[in-house]
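Subject: Structure for your review

Dear colleague,

Please find below the structure that I am handing over to you. The findings follow directly after it.

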Amino acid sequence: MATFGQNARLVASLEAGVTLADSTTATGIGAVTIPVGSLDDGAVIVIEAAGVISTTGTPNLTIRVINGTTALISSGAVATGSGLASVPFFIRAVGVVRTRGSAGTILWSLNAMIQEAATAQNTYSAVDTTADTVDQTAALTLDIDYTWGTASASNTLTTSQRNLWVFQG
């Protein structure tokens, strides 16, 4: 019988904050490499990120999990609250390895929560209905990236925490 946490390992933690501001270019928070052969069938990949967000108007924000430059799952463009001032956000992406190999598959889900008022929290979710084909005979380079729909110096998203965990099946 396995002991709780026995097959879990923290692969990477964010070493410095990353800010996306005044840009409509996708910006990653720091790619993490998962070496070849380190994921079993049934392994669970968890990526978490947290920080603060500020806005002017109601700009769209897109949040994606990527492998290299390939999007694995995306929130789509979601309208954020107006006039946010350093309010907290939290993102969790979970990928379950269905099969390994050159045509390996991973099924993803993505949840983003933004505290948009003292008593209001908006949640944006995406769930894969079909698994993504991911070549696991090469290292995976996973990242979360953000894209603002409107460039403004007032539209900022600063990630202060990011962790990537792997739980083996």
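E48 lies in strand β5, which covers residues 44-54; helices (H or I, at least four residues) and strands (E, at least two) are DSSP runs, numbered from the N terminus. E48 is buried, with a relative accessible area of 16%. Here buried means under 20% relative accessible area, exposed over 50%, and partly exposed in between, with a 1.4 Å probe and protein chains only. The side chain of E48 makes a polar contact of 2.2 Å with the side chain of R92. A polar contact is a pair of N or O atoms within 3.5 Å; within protein, one must be able to donate a hydrogen and the other to accept it, and residues adjacent in sequence count only if both atoms are side-chain atoms. Leaving aside residues up to four places away in sequence, E48 touches F90, I91, R92, Q161, R162, N163 and W165, where contact means heavy atoms within 4.5 Å.

Please note that this is a predicted model: local features need pLDDT of at least 70, side-chain atom pairs count only at pLDDT 80 or more, and totals for chains, interfaces and linings use all residues. Residues are numbered from 1 along each chain as its sequence is written, and side-chain values use heavy atoms, with hydrogens and water left out.

One of the residues that E48 touches is R162, which belongs to strand β14 (residues 156-167). R162 is buried, at a relative accessible area of 7%. A polar atom of the R162 side chain lies 3.1 Å from the backbone oxygen of G30. T70 is 92 residues from R162 along the chain, and the C-alpha atoms of the two are separated by 20 Å.

As to the overall fold, the protein has zero helices and 14 strands. Its radius of gyration is 16 Å, close to the 15 Å that the globule rule gives for 169 residues, so the protein is as compact as a globular protein of that length. The radius is taken over C-alpha atoms, and the globule rule is 2.2 Å times the number of residues to the power 0.38. The C-alpha trace spans about 50 × 30 × 30 Å along its principal axes. Of the 169 residues, 43% are buried. Among contacts between residues at least 6 apart in sequence, 76% join residues at least 24 apart.

The largest nonpolar core has 39 residues, and I45, W108 and Y146 touch the most other members. Such a core is a set of buried Ala, Val, Leu, Ile, Met, Phe, Trp, Tyr and Cys residues joined through side-chain atoms within 4.5 Å. Not counting residues up to four places away in sequence, the contacts of I45 include I34, L39, W108, L142, L164 and W165.

T62 is located in β6 and is buried, at 18% relative accessible area. Among the residues that T62 touches, beyond those up to four places away in sequence, are S74, A77, D145, Y146 and T147.

The structure holds two aromatic pairs. F89 and Y146 form an edge-to-face pair, with 6.2 Å centre to centre and 80° between the planes. This pair links distant parts of the chain, as F89 is in strand β9 (residues 87-99) and Y146 in β13 (residues 140-148), 57 residues apart. F89 is buried at 5% relative accessible area, and Y146 is buried at 2%. W165 and F167 form a stacked pair, with 6.2 Å centre to centre and 20° between the planes. W165 is partly exposed at 29%, and F167 is partly exposed at 34%. Rings of Phe, Tyr and Trp (its six-membered ring) pair if their centres lie within 6.5 Å; planes under 30 degrees apart count as stacked, over 60 as edge-to-face and the rest as tilted.

Yours sincerely
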